[in-house]
Amino acid sequence: MTTQIRIGIAGYGNLGRGVESALAQNPDMTLVGVFTRRAPEDVATLSPETPVFAYDALATEAAQIDVLILCGGSKDDLPVQSPELAARFNIVDSFDTHARIPEHFAAVDASARAAGTTALISAGWDPGMLSINRILGEALLPEGDTYTFWGRGLSQGHSDAVRRVPGVVGGVQYTLPSETAIASVRAGERPELATRDKHVRECFVVLEDGADAAAVREAIVTMPNYFADYDTSVTFITADELARDHGAMPHGGFVLRSGVTGQGNPQGVEYRLTLGSNPEFTASVLVAYSRAVYRLHRGGQVGAVTVFDIAPGLLSPKTPEQLRADDL
């Protein structure tokens, strides 16, 4: 591609830094700037050349940005920001509260259609890459069962939800898959697994001075859409322990489809991600899908879309001719 796709980043935490880093690996894209709710002078970007603006400056930047990548949290930020910003920009977000995706899609779609913009929601690796592989497995093996396992790893969305609990000043959450359940699925046994049978969740939390530990634990383990359906442990630690022992952000996941074809022949499909940095991989997915959103918008498509609506070739910087020659 010869046209430079102009990208803006809304929010600059771990995910925003990952997007900045990923853009440096995509020569067909250029970073217009980071837009933050913090004081711009307090934000240290990876590159000293990256412009940093106040979030409110987005009101005047629509003409300068082809696609705005939203890097806020799914619990409180994106439900508000995605519909608001889709009224002015083509956007990509990583909204990952699975149970609320239909209502989030509807809100963003209404805003984008009214404005004539293109808005991709729920991009990342789950929802996102694992979602694609779930529907592929179901389509290829219609007689079968699908299983998704996450971890072991640090969940950005769940960690963000923990940190927003009153009385919490820092924290992380790890998802651990059941090795017994995974082995059963790989053996073709097609077990019936409840949510609690597949994963446990571990939270490590730094309390605010004077906070009620019992109340914080109860708020976490009963949180709907995040922890209420899982066996969840909460361990209280110091800020020093959090910095020393929980600075890395690995993660991963599996999608397995176990089924039969023909005369009962067993078949299995497995897709696996092993991630050294959860936010950097998620950011790389968002950047690739920004290219697709740019192309869709130039082709006249408006409204909200998901990863199910986007052909893989639109993610690649290669031309269709190059893809047919190199990758088929």
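Residues are numbered from 1 along each chain as its sequence is written, and side-chain values use heavy atoms, with hydrogens and water left out. Because the model is predicted, local features need pLDDT of at least 70 and side-chain atom pairs count only at pLDDT 80 or more, while totals for chains, interfaces and linings use all residues.

The largest nonpolar core has 40 residues. A nonpolar core is a set of buried Ala, Val, Leu, Ile, Met, Phe, Trp, Tyr and Cys residues joined through side-chain atoms within 4.5 Å. Buried means under 20% relative accessible area, exposed means over 50%, and partly exposed lies in between (1.4 Å probe, protein chains only). Val19, Leu120, Tyr289 and Ile310 have the most contacts inside this core. Several elements give two or more residues to the core: strands S1 (5–10), S2 (29–36), S4 (67–70) and S13 (265–275), and helices H1 (14–23), H4 (129–140) and H10 (278–298). Helices (H or I, at least four residues) and strands (E, at least two) are DSSP runs, numbered from the N terminus. H10 gives the most to this core, with 10 residues.

Tyr289 touches residues from several parts of the chain. Its contacts (heavy atoms within 4.5 Å) are Val92, Leu120, Met129, Ile132, Val307, Ile310 and Leu315, leaving aside neighbours within four places in sequence. A second, separate core has 20 residues. Leu70, Ala86, Phe89 and Ala119 are among them.

Helix H4 was examined next. Its 12 residues should span 16 Å at 1.5 Å a residue, and its end C-alpha atoms are 17 Å apart, which agrees. The expected span is 1.5 Å times one less than the number of residues. Met129, Leu130, Ser131, Ile132, Asn133, Arg134 and Gly137 are buried in H4. The cover over these buried residues includes strand S7 (144–150), strand S12 (251–261), S13 and H10. Ile132 belongs to H4. Ile132 is in contact with Tyr289, Val307 and Phe308, with neighbours within four places in sequence left aside. Ile132 and Arg152 are 20 residues apart in sequence and 21 Å apart in space, C-alpha to C-alpha.

Phe308 lies in the loop between strand S14 (303–305) and helix H11 (320–326). Phe308 is partly exposed, with a relative accessible area of 47%. Together with Ile135, Leu136 and Leu140, Phe308 makes a nonpolar surface patch of about 390 Å². Patches are made of residues with over 30% relative accessible area and no salt bridge; like charges are joined within 9 Å, and nonpolar side chains (Val, Leu, Ile, Met, Phe, Trp, Tyr) within 5 Å. Accessible areas come from the Shrake-Rupley method with a 1.4 Å probe, and for residues only the protein chains shown count as cover.

Helix H2 (residues 78–86) also has buried residues: Leu78, Gln81, Ser82, Pro83, Leu85 and Ala86. These pack against S4, strand S5 (91–92), helix H3 (101–115) and strand S6 (118–120). Ser159 sits in helix H5 (residues 156–163). Ser159 is buried, at a relative accessible area of 1%. Not counting residues up to four places away in sequence, Ser159 touches Leu154, Gly171, Val172 and Gln173.

The structure holds 17 salt bridges. A salt bridge is a side-chain nitrogen of Lys or Arg within 4 Å of a carboxyl oxygen of Asp or Glu. One of them pairs Arg164 with Asp76, the closest N and O atoms being 3.2 Å apart. This pair links distant parts of the chain, 88 residues apart. Arg164 is in the loop between H5 and strand S9 (168–177), and Asp76 is in the loop between S4 and H2. Arg164 counts as partly exposed at 33% relative accessibility. Asp76 also counts as partly exposed, at 36%.

Glu270 forms a salt bridge with Arg186, with 2.7 Å between the closest N and O atoms. Glu270 lies in strand S13 and Arg186 in helix H6 (residues 179–186), so the pair ties together parts that are 84 residues apart in sequence. Glu270 is partly exposed at 40% relative accessibility, and Arg186 is partly exposed at 43%.

Arg244 and Asp245 meet in another salt bridge (2.8 Å, N to O). Arg244 is exposed, with a relative accessible area of 60%, whereas Asp245 is partly exposed at 42%. Salt bridges that share partners join Arg37, Asp76, Asp77, Asp160 and Arg164 into one network.
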